[in-house]
Amino acid sequence: EITSSKIAAGEVVEKPAMVVKELVENAVDAGATEIIVDVKKGGKKLIRVVDNGCGIHRDDVDLMFERHATSKIRKIDDLYKTISLGFRGEALASICAVANVEVITMQENDDYGVKIEASGGAIKNKSEMGAKRGTSIVVRDLFYNTPARLKFLKSDSVETKHISEIMGHLALSHPEIAFKYSTDDQMVFRTPGDEKLENTIFSIYDRTLIKHLFEIKDAFDFLKLRGYISTFDYTKGTKQQQIIFVNGRYVKSDVIKDAINLAYKPYLMHNRYPVCFLFLEIDPDKIDVNIHPAKTEIKFHDDGVLKQFIYTALKKAFNLQNQ
Ligand code: ADP
Ligand code: MG
């Protein structure tokens, strides 16, 4: 029923950046080694995600647009992981309900692919088409049929900024995938996909940044930390460059940020943000994640232990650095 799916769509798709995130995560799940993303006018006019992943079987393509159609639950026995990564079979259906969507997909052993055009949740056209292995999804005119939601969107440049931030997180959490990302026909970044985090950082951020980063690696009990943090002399850091992933998922955590800022405090002049790209692995039993795909909040059962661990890990890394 179109009406109810339009309302429900808002839950998953609040802004263009979330569409980009869902489409890229699908490409990642499909085993892509190369993902090309381009957006126009902050994603309002166009969002295109092209991957070289496994593709979708021609008989399953129609299902993709239906709510709760997911191919992933049965593949993954770890239900926790399934839920926390947001495999709910809802993203594509939600996006399709509020946009014009074109999907071209082909699987490895097929001779040609299939193209599907859908609009406002309904399939308008399906045809056979020459293609390469993988999937290309184009989302046009997002929220064209939900004027209230369209009005709620920010300016093109602000929406573009949100998309770029999310694209940065996605690329950082997958250094093994080569990303090409452009906005309004301008290349923003291109990562090598060589599995090296530092090369991914180099291609996305300020090109002098790497010079000011050092590696961090530590473990304690059920906690494991790795990544890069900036030296005390780096002055170009911003709030947006304190990037933290917990169990592979980008999160916002005041507890972790507090620990970082506390560790840096004696060394930094005012108005400087230490830069960090941190990957924390933690026993899933020790956290609560909000299963809503849009939410980046996370709750740790024991903030104190975590804060102490991060603080100590950073201090140890500082000392090593200064030897
Ligand atoms: P979920 O990711 O939770 O399964 P989605 O609505 O995001 O739900 O996608 C629905 C289904 O469509 C997926 O389970 C997958 O089978 C298929 N799919 C979507 N995007 C791709 C893609 N880029 N490559 C291969 N399959 C895809
Ligand atoms: Mg998905």
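Q: How do β9 and β10 pair, and over how many bridges?
A: They pair in the antiparallel sense, over eight bridges. This is a predicted model, so read each value as computed from it.

Q: How many residues sit between β9 and β10 in the hairpin?
A: Two residues lie between the strands. Asp-221 is in that turn and has a positive phi of about 50°.

Q: And which residue is the bridge partner of Phe-220?
A: Leu-223, in β10.

Q: Where is Glu-215?
A: Glu-215 is in strand β9.

Q: Is Glu-215 buried, exposed or partly exposed?
A: Partly exposed. Glu-215 has 13 other C-beta atoms within 10 Å.

Q: How far apart are Glu-215 and Lys-115?
A: In sequence, 100 residues. In space, 46 Å from C-alpha to C-alpha.

Q: Now β13. Which way does β13 run against β10, and which way against β11?
A: β10 and β13 run antiparallel, joined by seven bridges. β11 (residues 242–246) and β13 (residues 276–282) pair in the parallel sense, over five bridges.

Q: Which residues does Leu-280 face?
A: Leu-280 in β13 stands opposite Val-246. Leu-280 is also the bridge partner of Leu-225.

Q: What about Phe-245?
A: Its bridge partner in β13 is Phe-279.

Q: How many residues of β13 are buried?
A: Five of its seven, which leaves β13 mostly covered.

Q: Switch to α9. What are its length and span?
A: α9 covers residues 303–322, which is 20 residues. From first C-alpha to last, α9 reaches 29 Å, close to the 28 Å expected.

Q: Which of its residues are buried?
A: In α9, Leu-306, Phe-309, Ile-310, Ala-313 and Leu-314. They cover an arc of only 120° around the axis, which puts them on the same side of α9.

Q: How do α8 and α9 cross?
A: Their axes come within 9 Å and cross at roughly 35°. The crossing is right-handed.

Q: Which residues meet there?
A: From α8, the residues include Val-255, Ile-256, Ala-259 and Leu-262. From α9, they include Leu-306, Ile-310, Tyr-311 and Leu-314. Leu-306, Ile-310 and Leu-314 are among the buried residues of α9.

Q: Next, the eight-strand sheet. What's the order?
A: β5-β4-β3-β6-β2-β1-β7-β8, open, with mixed pairing. The edge strands are β5 (122–129) and β8 (186–190), and each pairs on one side only. Neighbouring strands are turned by 10° against each other on average, direction ignored.

Q: How are β1 and β2 joined?
A: By six bridges, running antiparallel. β1 is residues 34–40 and β2 is residues 46–51. Val-37 stands opposite Val-49 in β2.

Q: What about α6: how many residues, and what span?
A: 17 residues, 156–172. α6 reaches 24 Å, close to the 24 Å expected. Its buried residues include Ile-163, Met-167 and Leu-170.

Q: Last one: how many helices and strands are in the protein?
A: Nine helices and 15 strands. Buried residues make up 37% of the 323 residues. Among contacts between residues at least 6 apart in sequence, 65% join residues at least 24 apart.

Conventions
Residues numbered from 1 in each chain as written. Chains lettered and ligands numbered in written order. Predicted model: local features only at pLDDT ≥ 70, side-chain atom pairs only at ≥ 80, totals over all residues. Helix = DSSP H or I, 4+ residues; strand = E, 2+ residues; numbered from the N terminus. Expected span 1.5 Å × (residues − 1). Buried ≥ 20, exposed ≤ 12 C-beta atoms within 10 Å, placed from the backbone. Arc of directions from axis to C-beta. Pairing = 2+ DSSP bridges. Axes fitted to C-alpha atoms, helices over the stretch in contact; angles between N-to-C directions. Left-handed = near helix turned anticlockwise from the far one by under 90°. Contact = placed C-beta atoms within 7 Å.
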